Amino acid sequence: MQEDGEREDTYYCMLFNDEVHTYEQVIYTLQKAVNCSQKEAVSFATTVDRDGRKSVRFGDHQFCEQAKSIIVRNTSRQSKPLRVQVMHSSVVAHQCFALKALSWLGQIIQYSDGLKRILCQVGLQKGPEGENSSLVNRLMLNDSKMWKGARNIYHQLLMNSLLMDLKFKKIFAIQFAK
């Protein structure tokens, strides 16, 4: 039982685009897993395709795990199952905030050469681990692990900063080639 002022933890069942399963497979699976209409399932599938991920269920951990297990079971017969993850609501909130902040920063640096240079210097600065430890290097190395929406925002930030300055563009090109 909860005391006044305490809230139960909430979770999202997050479905990711895998570029393998068809719209029809995803729609059928979602109808079974989250008990939604075909119209809702089409909307979920469209968002997953466009943004790279979509929350298909929200609630307590067990409620989201049930949907995840149905999705995995229904899509693992022919191929690798759809990628689905149960994520705590605070993690999803932090990710959404980070994307909004990166998007905002990408717009602001278009008007400030000083801020653009600082961002480039910080992004390309080697971390304590040495070679390949800069923020930009780590982003490039983890690019395939991100969903489409996150990749698009950080790619836009790179284009608005590193690729707009010849000096930093050259440093970036060398690191990218490595």
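The lining of the largest pocket divides into 16 nonpolar residues, three polar residues and no charged residues. Here Ala, Val, Leu, Ile, Met, Phe, Trp, Tyr, Cys and Pro count as nonpolar, Asp, Glu, Lys and Arg as charged, and the others, Gly among them, as polar. The model is predicted: local features need pLDDT of at least 70, side-chain atom pairs count only at pLDDT 80 or more, and totals for chains, interfaces and linings use all residues. Residues are numbered from 1 along each chain as its sequence is written, and side-chain values use heavy atoms, with hydrogens and water left out.

The largest pocket has a volume of about 310 Å³. A pocket is an open set of points on a 1 Å grid over the protein atoms alone, with protein on both sides within 12 Å along at least five of seven lines; lining residues have an atom within 4 Å of a point. Grid points are joined across faces, edges and corners, and a volume is the space filled by probe spheres set on the points. In total, 19 residues line the largest pocket, and L102, L135, L139, Y154 and L157 lie nearest its centre. Helices α4, α5, α6 (135-141) and α7 (148-160) each supply at least two lining residues. Helix α4 gives the most, with five. Helices (H or I, at least four residues) and strands (E, at least two) are DSSP runs, numbered from the N terminus.

The second largest pocket has a volume of about 230 Å³. Its lining holds 16 residues, with D51, R53, C96, L99 and W147 nearest the centre. By class, eight are nonpolar, four polar and four charged. At least two residues each come from β1 (11-16), α2 (38-51), β2 (53-59), α4 and α7. Helix α7 gives the most to this lining, with four residues.

D51, one of the residues nearest the centre of that pocket, also forms a salt bridge with R50. The closest N and O atoms of this pair are 3.1 Å apart. A salt bridge is a side-chain nitrogen of Lys or Arg within 4 Å of a carboxyl oxygen of Asp or Glu. D51 is partly exposed, with a relative accessible area of 29%. Buried means under 20% relative accessible area, exposed over 50%, and partly exposed in between (1.4 Å probe, protein chains only).

The whole structure has two salt bridges. D113 pairs with K116, with the closest N and O atoms 3.9 Å apart. Both residues lie in helix α5, three residues apart, about one turn of the helix. K116 counts as buried, at 12% relative accessibility.

Helix α5 also contributes to a nonpolar surface patch. The patch is formed by W104, I108, L115, I118 and V122, with about 450 Å² of accessible area together. Accessible areas come from the Shrake-Rupley method with a 1.4 Å probe; for residues, only the protein chains shown count as cover. Patches are made of residues with over 30% relative accessible area and no salt bridge; like charges are joined within 9 Å, and nonpolar side chains (Val, Leu, Ile, Met, Phe, Trp, Tyr) within 5 Å. Helix α5 (113-124) gives the most to the patch, with three residues. W104 is found in helix α4 and counts as exposed, at 52% relative accessibility.

One cavity of 30 Å³ or more is found in the whole structure. A cavity is a set of grid points where a 1.4 Å probe fits but cannot get out.
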